[in-house]
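Welcome, and thanks for taking a look at this chain. Please open the sequence and the structure side by side, and let us walk through them together.

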Amino acid sequence: MKTNFTKSLLLFLLTLSIGQIAAQHSIAGKITDAQKQPLPFANVILLSEKENSTPKGVVSDDNGNFRFENISEGKYSIEISMLGFKTKISEKFQLTANKTIDFTLKEENESLDEVVIQSKRPVIRQTAEKLVVDLENSEMLNSSLQDVVKRVPGVIVTNNGINFAGRSDIRILINGKTTDYMDMDTLLQDLPADNIAKVELIEQPGAEFDAEGSGPIINIILKKNVKLGTHGNVGAWVGEDEGIEYGTNASIASYKNKLNWQLNSGYSAPTWRDDLFIKRTVGTTVYDQATIEPYDPKRIWIGGSIDYYINDKNTIGLGTRYNNTTSDRISKSNTDITTPTTLERFVTENTFDRDRNTFSFNPYYEYKSETDKLLVDFNYIDFKNENTNDIYAVTGNTVPFTNQRYLQDGKYTINTYRIDYVKSFTDEFKLSIGTKYSDVDTDSDLKLFTQNNTGGFDFQAADSNRFLIDENIFAVYSKVNASFGDWSLSGGLRYENSDTKGTSTNTNTTRTRIISELFPSASVSRKLTEQLGVNVAYSYRIRRPNYNSLNSFVTVYDPLTSEVGNPNLKPAFTNNYQFNLTFDNQPFFTVAYSETRDNLFLFIAQDDATAQISRTTINLEDRKNWNFRLFGPLDFIPGVEGFTGFIVDYNKFASTELVPNLLLEKWNYGWYTQASYKLPWDVNAEMSSYFGSGALEGQIDVGWIGNLSFSFGKKFMDDRLKVNLGINKVLDRGFVGRVNYDNINANIESNGSRQNVQLRFTYSFGSKFGKKKNKRNASNDEQNRIDDND
C-alpha cells in the first residue's frame with residue numbers, strides 16, 4: 001500500500017514539475033570601480049526569493065562582465081563582493097525577460113584584505129524536513145556536544161540523555177554520518193564543540209538519510225574553511241564545576257589557489273557529578289540508596305581535512321579525526337535497608353578505569369557543474385572502549401558482599417561506502433539518486449572476577465560473555481524536488497536490506513536477523529504570503545536495537561542495581577506526520593504525531609526475593625506521541641534578538657503482553673527562551689532557559705524540570721581576542737520522578753552538580769579576511785566554495 005502510494009506521488013511530482021517548467025532568461029552586467037575601471041574576478045551571487053532555492057554564483061571576467069544563463073522567471077537580487085571593496089546588493093527585481101544590470105563598487109576605507117559576505121539567513125530556520133540552528137556567531141559557551149544540542153529549541157538534555165518534544169529516541173549524526181558505535185553519554189560528553197558550525201534537527205528525514213531511528217535526528221555540521229589566505233586561532237579556558245576544570249585548543253587553516261586545508265587539536269579536563277537517589281519499598285522493607293558519581297575525564301583530540309580543486313568541476317579530499325578519553329574515578333554508593341525491627345547498610349565503592357579511542361578516516365571525490373553533482377564517499381570508523389570496574393565493600397558496610405571486578409572491552413569497526421548523484425533539470429525540478437553500503441563489526445567482551453579469601457580474583461566463566469555482531473546494510477534511494485509558483489514538493493523512496501548476525505561465545509549460539517523494507521517520505525510546502533508559509537511532511541522509519549542492548553550479559557552497577565541485555569529484541573517501525581507554519585522561514589507553529597509498533601522500551605523490573613532492581617530493553621506493543629509547538633521571535637523587545645516558545649507534548653506507552661498490562665500516559669508543558677542582547681561597553685550577552693511541567697521518561701513519571709544559563713562576551717585587539725564568561729546551570733533541576741508499576745514503588749532522583757562557571761579566551765591570528773588573489777583559478781575556486789557552502 002505504501003509502495004503504490006509513493007510511486008504514484010513520485011509520478012505526480014514528475015509530471016507536475018515538467019509541466020510547470022517556466023521560461024528561461026539571462027541576467028548580465030558589468031562591474032567597475034569609481035574610476036570606471038573594470039573589476040575582474042569579483043564574486044557575483046544571484047539570490048532568489050523562492051523558499052529553499054539555492055543561490056547561484058559566477059565570477060566576473062577580465063573585463064568585469066558577468067552572466068547568468070537559464071534563469072527562471074521570479075523575484076531576485078544580486079550581491080557583488082570583491083577583495084578590497086565594499087559588498088553591494090541590488091534592489092529586488094522581477095525577472096520576466098533578459099536583464100542587464102551594472103554595478104560600481106566602492107573601495108573599503110579600512111585596510112581589510114577581504115570583504116566578509118554576510119549571511120542572509122536567520123539564526124534559526126524551519127523547512128518541511130528540518131529545523132536548522134546556526135551557532136557560529138553565538139556568544140554562549142559550548143565546550144562539548146552536550147552544550148551545543150541544548151541550544152536547539154525544544155531539546156532537553158539531562159543526566160539521562162536527550163529529550164525532544166517528549167521523545168528520547170533521538171539519533172545523532174556528524175556531517176550526516178553515523179555515530180551509532182558510541183553510547184549517547186559518551187558522544188555527548190566526549191565530542192568537543194570548537195568546530196561545530198550548526199545543528200540540524202531533522203524530524204522528517206528524506207530518502208537520502210538512513211531510515212534508522214524512530215525519533216528525530218540531530219545532525220551536527222562541522223565547520224569548513226571558506227576563507228582565503230592562512231588563518232587560525234588558539235584558545236584556553238578555565239572553570240569550576242565539581243572542582244577546577246580547564247582546557248585548550250588550536251586550529252589553523254589555509255586556502256590558496258587549488259588547495260584548502262585545516263587542522264585542529266585540543267585538550268580538556270572537565271569536571272561534573274551525576275547523583276542518583278532511589279527510595280523504594282519491598283514488602284515492609286525500605287531501601288534508601290544514594291550514589292554519588294563524580295567525573296573528571298581527560299580528553300585529547302586532533303583532526304584535519306584537505307581539499308584539492310582539480311578544476312572548476314572536480315574535487316578530491318579527505319578528513320580524519322582522532323579522539324581519546326581517559327577517566328579514573330570512584331563512585332560511592334550507600335544504601336540503608338530498614339525493616340520494622342532492623343537497620344542494615346550497604347556501603348560500596350566502584351572504581352572506574354576507562355580508556356576510549358575513536359579514529360575516523362573519510363576520503364571523497366566530488367564532481368559539480370551547474371546542473372549535476374556527484375559525490376563518492378568512503379567513511380571508516382574505529383572505536384575502542386576499555387573499562388575496568390571494581391565493586392567492593394568499604395567501612396560501614398554491614399551486609400556480606402563479595403568484591404567483584406569487571407573487565408569490559410568493546411571494539412567497533414564501521415566501513416561505509418556511499419554514492420550520491422543530483423541532477424538539476426531546472427531551478428524548479430531536481431532528481432536525486434544514491435546508494436549506500438555499510439559493514440559493521442562489533443566485539444563486546446565482559447569478564448567477571450570475584451575476590452577469594454587470599455585477596456586475589458577468580459574468573460567466573462558462567463557470568464562472563466563475549467558477544468560478536470556482524471551487520472551489513474545495503475540501501476538505494478531516489479528523491480524528487482519540484483516547485484512551481486508558491487508550491488514546492490519533495491517525494492522519496494528508500495529501500496534497505498540489513499543482515500545482522502549476533503554470536504554469543506558463552507552459549508556458542510548465533511542469531512540471524514534479515515530485514516528488507518521500503519521507506520517512503522514526502523513533503524509539500526506553500527508560501528501563503530511574503531512572510532507566512534505552510535508545509536506538511538511524512539516519513540516511515542525503522543529503529544534497530546543498538547549493539548550493546550543485544551548482548552545478553554548482565555552489567556552490575558552496585559549490589560542492588562544492574563542492567564541486562566536482550567538478544568531477542570526486534571526492530572521498531574514508526575510513522576511520522578508533521579504540519580508546520582513558518583514566519584520568515586523561521587519556526588512558528590507545529591503539530592506532529594508519531595506512532596511506533598514494537599517500540600524499544602527500557603523496562604524496570606524488581607525481584608522481591610533479592611530486592612534487586614534491573615533494567616532491560618524490551619519491545620513494547622504500542623507507543624504514541626503528539627506534540628504542539630509555538631515559537632516566536634523576540635525582536636519586539638528593543639535591542640533583543642532570539643526566540644521564545646511553548647511545547648505541549650503527550651506520550652502514551654501501552655502493552656497487553658506484559659503482566660499486569662502496562663498503560664502509561666502523560667501531558668507535558670514546556671517553555672523555552674534563548675535571547676541575545678548588547679550591554680554597555682560592547683559586551684554581548686546571551687541567555688538560554690527551559691522549563692517543563694513533567695513528562696514520561698519511559699517507565700518513570702518525571703516531575704518539573706528547569707535550566708537557566710548565561711554567557712557574556714567581549715572582543716578586543718581589533719576583534720582578534722574574544723573573551724567569554726559563561727555561568728551555566730544557574731537553575732538546574734534534573735530528573736526527579738517516580739516508578740509505580742506492578743511490584744515497584746520507587747522514588748528516583750538523578751541530578752548533577754548545581755553550577756558551572758567558565759572563562760574562555762580565543763585569539764585569532766593570520767589573515768583575518770583572507771589574502772587578495774589575482775589568478776582566475778583562485779576566484780573560480782572561491783565561486784565553487786560559495787556554491788557548496790549554501
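## A first tour of the chain

This is a predicted model, and its pLDDT averages 83 over the chain, with 87% of the residues scoring at least 70. Among the elements, strand β29 (residues 457-459) has the highest mean pLDDT, at 93, whereas helix α4 (residues 776-788) has the lowest, at 34. Please take care with residues 5-21, where the pLDDT is below 50. In the model, that stretch has 22 contacts beyond near neighbours in sequence. Residues 109-122 also have a pLDDT below 50, and here the model shows 35 contacts beyond near neighbours in sequence.

**The overall picture**

Strands and helices come to 48 and 4 in this chain. Of the 790 residues, 53% are buried. Contacts between residues 24 or more positions apart make up 66% of those with a separation of 6 or more. The chain exposes about 34,800 Å², and carbon and sulfur atoms supply 54% of that area.

**A covered strand and its partners**

Let us now look at strand β16, which spans residues 196-202 and has 7 of its 7 residues buried. Which strands does it pair with? One of them is β11 (residues 130-134), joined to β16 in the antiparallel sense over 5 bridges. Within this pairing, Val199 of β16 stands opposite Val133. Another partner is β17 (residues 217-222), which runs antiparallel to β16 and is joined to it by 6 bridges. Here Lys198 has Ile221 in β17 as its bridge partner. As a general point, side chains in a regular strand alternate between the two faces of the sheet.

**Rings together**

The count of aromatic pairs comes to 25. One of them is formed by Phe425 and Phe429, a tilted pair with 5.2 Å from centre to centre and 35 degrees between the planes. Phe429 has a relative accessibility of 5%, so it counts as buried.

Trp626 and Phe628 make a stacked pair, because their planes are at 5 degrees, with the ring centres 6.0 Å apart. Trp626 counts as partly exposed at 34% relative accessibility, and Phe628 also counts as partly exposed, at 28%. These two residues belong to one aromatic cluster together with Tyr538, Tyr577 and Tyr593.

Two arginines lie over the faces of phenylalanine rings, as the table shows.

| Arginine | Ring | Distance to the ring centre |
|---|---|---|
| Arg329 | Phe352 | 4.2 Å |
| Arg405 | Phe457 | 4.3 Å |

**Two residues and their surroundings**

Thr561 belongs to strand β35, which covers residues 561-564. With a relative accessibility of 15%, Thr561 counts as buried, because that is under the 20% cut-off. Leaving aside residues up to four places away in sequence, Thr561 touches Gln289, Val556 and Ile613.

Ser693 sits in the loop between β41 (683-692) and β42 (695-697). Its relative accessibility is 37%, so Ser693 counts as partly exposed. What does Ser693 touch, not counting residues up to four places away in sequence? The list is Trp667, Asn668, Tyr669, Gly703 and Trp704. Asn668 is 25 residues from Ser693 along the chain, yet their C-alpha atoms are separated by 5.6 Å.

**Backbone details**

Pro660 itself is in the loop between β39 (640-655) and β40 (662-679).

Asn70 is not a glycine, although it has a positive phi of about 55 degrees. This asparagine is part of strand β4 (residues 65-72). Asn70 counts as exposed because its relative accessibility is 53%, over the 50% cut-off. Asp682 also has a positive phi, near 55 degrees, in a residue other than glycine. Asp682 is found in the loop between β40 and β41, and it is exposed, with a relative accessible area of 51%.

Technical notes: Residues numbered from 1 in each chain as written. Predicted model: local features only at pLDDT ≥ 70, side-chain atom pairs only at ≥ 80, totals over all residues. Heavy atoms only, no water. pLDDT = per-residue confidence, 0-100. Helix = DSSP H or I, 4+ residues; strand = E, 2+ residues; numbered from the N terminus. Contact = heavy atoms within 4.5 Å. Buried < 20%, exposed > 50% of the residue type's maximum accessible area, 1.4 Å probe, protein only. Pairing = 2+ DSSP bridges. Phe/Tyr/Trp six-rings, centres within 6.5 Å; stacked < 30°, edge-to-face > 60°. Lys NZ or Arg CZ within 6 Å of the ring centre and 35° of its normal. Areas by Shrake-Rupley, 256 points an atom, 1.4 Å probe, with all protein chains shown as cover.
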